[in-house]
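Okay, thanks for making time, everyone. Have a look at this one with me, and I'll walk you through what I found.

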Amino acid sequence: MRLKKLPSEFQEALPILEKIRKAGYEAYFVGGSVRDAILGRPIHDVDIASSSYPEETKAIFERTIDVGIEHGTVLVLENHQEYEITTFRTEDVYVDFRRPSAVNFVRSLEEDLKRRDFTVNSFALSEEGEIIDLFNGLEDLENRILRAVGVATERFNEDALRIMRGFRFQASLGFDLEEATFKAMTECAPLLEKISVERVFIELDKLLLAPFWRKGLEGVIASQSYQYLPLLQNSQSSLEKLFQLSMDYTFTSSEQAWAALLLTLDENKVSAFFKKWKTSRDFAKKVEQLVEIYRLREKASLNRRDVYRYDRSLLLSAEELRQAHGLPVDFQVIEEMYDSLAIHDKHEIVVNGGMLMKEYGLKPGPGLGQVLSAIEWAIVDGELENDKQAIGDFLSRYLEVKKGEAWAILLLKN
């Protein structure tokens with residue numbers, strides 16, 4: 001098969017292939033980008049494989065970086081672009097179900113393509129647009145099938161992360177898993193416990209954000225792979241609740257997808273959950289807030305204080321989840337309430353603790369914090385203008401009311 005026209009991403013990279021070939025070596029576009037070109041999908045990363053060894057590749061180009069030279073990869077900087085050039089290679093025995101004990105550089109494209117995961121990811125593309133298909137990947141593309149290259153159990157024993165990648169490809173492509181491949185994934189699923197949780201998170205995250213996420217998640221459930229993922233053991237019934245979302249719904253962000261997952265799990269310790277998954281604190285916090293907003297909405301409409309506490313995008317994201325569950329939504333009300341707030345952060349208040357101590361003679365301590373909170377919430381509630389004079393008048397009235405309380409006496413004591 002020959003592509004009638006190379007996508008622009010490949011055309012821009014053609015000078016790289018031409019330079020390698022002029023130096024006496026073979027070079028091809030390889031991997032998922034070739035698959036996506038055949039399917040007419042957007043192309044993200046252009047990967048190039050070559051018969052030139054790393055040092056030989058470096059000799060061809062003026063500007064290179066050793067990004068993974070021990071594995072045969074050299075980053076080439078050319079025409080304001082970056083391209084990873086990887087030497088054809090074979091791999092020795094895998095010692096930890098993820099990394100080979102050694103990598104051997106070879107001159108054979110066929111040997112290189114043999115080690116790849118699925119047939120639809122094992123294409124090579126020449127600069128003339130010729131598709132090199134050694135494992136009937138084109139037929140599998142036509143039939144919308146995901147099939148492991150060679151012996152399936154060997155591929156998943158070599159790298160158990162390929163199990164999650166398989167389900168992720170299901171979710172992104174909408175393909176079915178070939179029977180022997182799915183059986184091998186199921187048998188090898190316990191090996192997922194050997195894989196770093198960060199890598200598993202990336203694959204599951206991509207799966208949830210993909211257009212056919214239901215299909216990918218069904219595979220995770222049917223294979224029992226979830227039993228070997230952090231804090232998802234014995235969660236089949238909970239995971240299946242995600243299918244209650246409207247059929248055409250796709251998640252709009254990673255935070256929303258994981259919030260939906262935690263809500264189905266009825267997980268209350270969100271921070272501890274993501275600590276096990278080793279995500280960033282910022283990500284965990286946003287998901288936790290999304291879960292909080294959703295649960296607030298289960299009880300009642302949001303008030304001004306609720307809207308003030310959270311970022312607009314999270315408020316609307318939680319509302320989208322309600323809509324996906326077929327529940328009543330208040331998008332316009334939330335937007336209008338958010339826009340009507342005089343402040344969206346306490347740092348926008350025209351006074352601060354230092355000013356209150358200097359201009360009103362207040363003392364530092366817990367009492368000062370209570371005064372600042374009272375000012376903040378009065379502004380949020382629309383009862384007080386964010387104005388120094390108005391805040392001064394409010395402060396006088398407030399302290400008059402509170403003057404009999406112990407903290408207020410200490411706050412004003414000379």
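This is a predicted model: local features need pLDDT of at least 70, side-chain atom pairs count only at pLDDT 80 or more; totals for chains, interfaces and linings use all residues.

Before I point at anything, helices here are DSSP runs of H or I with at least four residues, strands are runs of E with at least two, and both are numbered from the N terminus. By that count, the protein has 21 helices and eleven strands. Residue numbers start from 1 along each chain as its sequence is written.

Let's start with Leu209, which sits in helix H9, residues 197-209. Is Leu209 exposed, partly exposed or buried? Our cut-offs are under 20% relative accessible area for buried, over 50% for exposed, and partly exposed in between, with a 1.4 Å probe and protein chains only. Leu209 has 31% relative accessibility, so it counts as partly exposed. With contact meaning heavy atoms within 4.5 Å, and leaving out residues up to four places away in sequence, Leu209 touches Phe251, Ser253, Ser254 and Ala257. Phe251 is 42 residues from Leu209 along the chain, yet their C-alpha atoms are 5.6 Å apart.

Gln224 isn't a glycine, but its phi is positive, near 65°. You'll find Gln224 in the loop between helix H10 (213-222) and helix H11 (236-240), and its relative accessible area of 31% makes it partly exposed. The other is Asp266, also with a positive phi, about 55°, and not a glycine. Asp266 lies in the loop between helix H12 (254-265) and helix H13 (270-277), and at 52% relative accessibility it is exposed.

On to the inside. A nonpolar core, for us, is a set of buried Ala, Val, Leu, Ile, Met, Phe, Trp, Tyr and Cys residues joined through side-chain atoms within 4.5 Å. Which residues touch the most other members of the largest core? Those are Phe29, Trp258, Phe274 and Trp277, out of 118 residues. There's also a second, separate core of nine residues, with Tyr28, Val30, Leu109 and Ile132 among them.

Trp258 is worth a click: beyond residues up to four places away in sequence, its contacts include Phe201, Leu204, Phe273, Phe274, Trp277 and Phe283. Trp258 also belongs to an aromatic cluster with Phe201, Phe273, Phe274, Trp277 and Phe283.

For aromatic pairs, ring centres of Phe, Tyr and Trp (its six-membered ring) must lie within 6.5 Å; planes under 30 degrees apart are stacked, over 60 edge-to-face, and the rest tilted. The whole structure has 18 such pairs. Phe274 and Phe283 make an edge-to-face one, 5.4 Å centre to centre with 85° between the planes, and both residues are buried. Tyr308 and Trp377 are edge-to-face too, at 5.6 Å and 80°. That pair links distant parts of the chain, 69 residues apart: Tyr308 is in helix H15 (residues 304-309) and Trp377 in helix H19 (residues 366-380). Tyr308 and Trp377 are both buried.

Last thing, the overall picture. Of the 414 residues, 50% count as buried. The C-alpha trace spans about 90 × 50 × 40 Å along its principal axes.

How values were computed
Side-chain values use heavy atoms; hydrogens and water are left out.
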